[in-house]
Amino acid sequence: MAPVSRSVTVAAVGAVAAVAAGIGASQAFASATPTPTTGTAATAPAAPRPDGDGDGHGPGGHRGGPGTGMDTAALAKALGVSESKLSAALQSAREATRPSTPPAQGTRPSEADRTAREKAMAAALAKALGVSESKVQAALDSVRSQREAEHRSDLVTRLDAAVKAGTLSAADKASVLKAFDAGVLGGPRP
């Protein structure tokens, strides 16, 4: 096999990083606030997405309907409540924590703003469900951790295929996973 030029290697890593960053960014945006599914869609599988894996899950493996970023079934189970009760509580919590003025278009919240909003959401959800904030936070953390593990597993599968096809080297794969694990490419938040 002919040696791969440095520019080809950099371009390949850049392309994988861009794809992974796009997936990570969409998941980060989707998980900023949990969104319940409505009606019977909460218990029915979501429709397959063109960028998903064909079974109703997006590229990160999340369930609960397109764009929700939250596996409401797993969260309801972790909290010991029904999905319908969780959906109603999530709606109530979202309304209670909605900012009085929307942020300017194109602006992103700071890490402190995002953390404060998540804490307020967990408190409002706990109040709506009649459970402790610590139980809600533990359940949210557990569901998020599970989703991140599924996302990493999916990424490893895709990287393994690229290595097998010769598109990436094993070192490229290790670099992408290192960036993912550091939270640079949509992996766990530091």
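The model is predicted, and the mean pLDDT of the protein chain is 73, with 62% of its residues reaching 70 or more. Over residues 24-68 the pLDDT is below 50, although this stretch still has 70 contacts in the model beyond near neighbours in sequence. Where pLDDT is low, the predicted coordinates should not be read in detail.

Two packed helices are described by the angle between their axes and the distance between the axes; the table gives both for each pair.

| Helix pair | Axes come within | Crossing angle |
|---|---|---|
| Helix 2 (residues 72-79) and helix 3 (residues 83-97) | 9 Å | roughly 100 degrees |
| Helix 5 (residues 133-165) and helix 6 (residues 170-181) | 10 Å | roughly 165 degrees |

Because angles over 145 degrees count as roughly antiparallel, helix 5 and helix 6 are therefore roughly antiparallel to each other, and helix 5 passes helix 6 in a right-handed crossing. On the side of helix 5 the contact involves Glu-148, His-151, Arg-152, Leu-155, Val-156, Leu-159, Asp-160 and Val-163, which meet Ala-170, Lys-173, Val-176, Leu-177, Phe-180 and Asp-181 of helix 6. By class, the residues of this contact between helix 5 and helix 6 are eight nonpolar, one polar and five charged.

For the other pair, the axes of helix 2 and helix 3 cross at roughly 100 degrees, which makes helix 2 roughly perpendicular to helix 3. Helix 2 contributes Thr-72, Ala-73, Leu-75, Ala-76 and Leu-79 to the contact, while helix 3 contributes Glu-83, Leu-86 and Leu-90. The contact of helix 2 with helix 3 comprises six nonpolar residues, one polar and one charged.

Terms used. Residues are numbered from 1 along each chain as its sequence is written. This is a predicted model: local features need pLDDT of at least 70, side-chain atom pairs count only at pLDDT 80 or more; totals for chains, interfaces and linings use all residues. Side-chain values use heavy atoms; hydrogens and water are left out. Axes are lines fitted to C-alpha atoms, for helices over the stretch in contact, and angles run from 0 to 180 degrees between N-to-C directions. Helices (H or I, at least four residues) and strands (E, at least two) are DSSP runs, numbered from the N terminus. Angles under 35 degrees count as roughly parallel, over 145 as roughly antiparallel, 65 to 115 as roughly perpendicular and the rest as oblique. A crossing is left-handed if the near helix is turned anticlockwise from the far one by less than a right angle, and right-handed if clockwise. Contact means heavy atoms within 4.5 Å. Ala, Val, Leu, Ile, Met, Phe, Trp, Tyr, Cys and Pro count as nonpolar, Asp, Glu, Lys and Arg as charged, and the others, Gly among them, as polar. pLDDT is the predictor's confidence in each residue, from 0 to 100.
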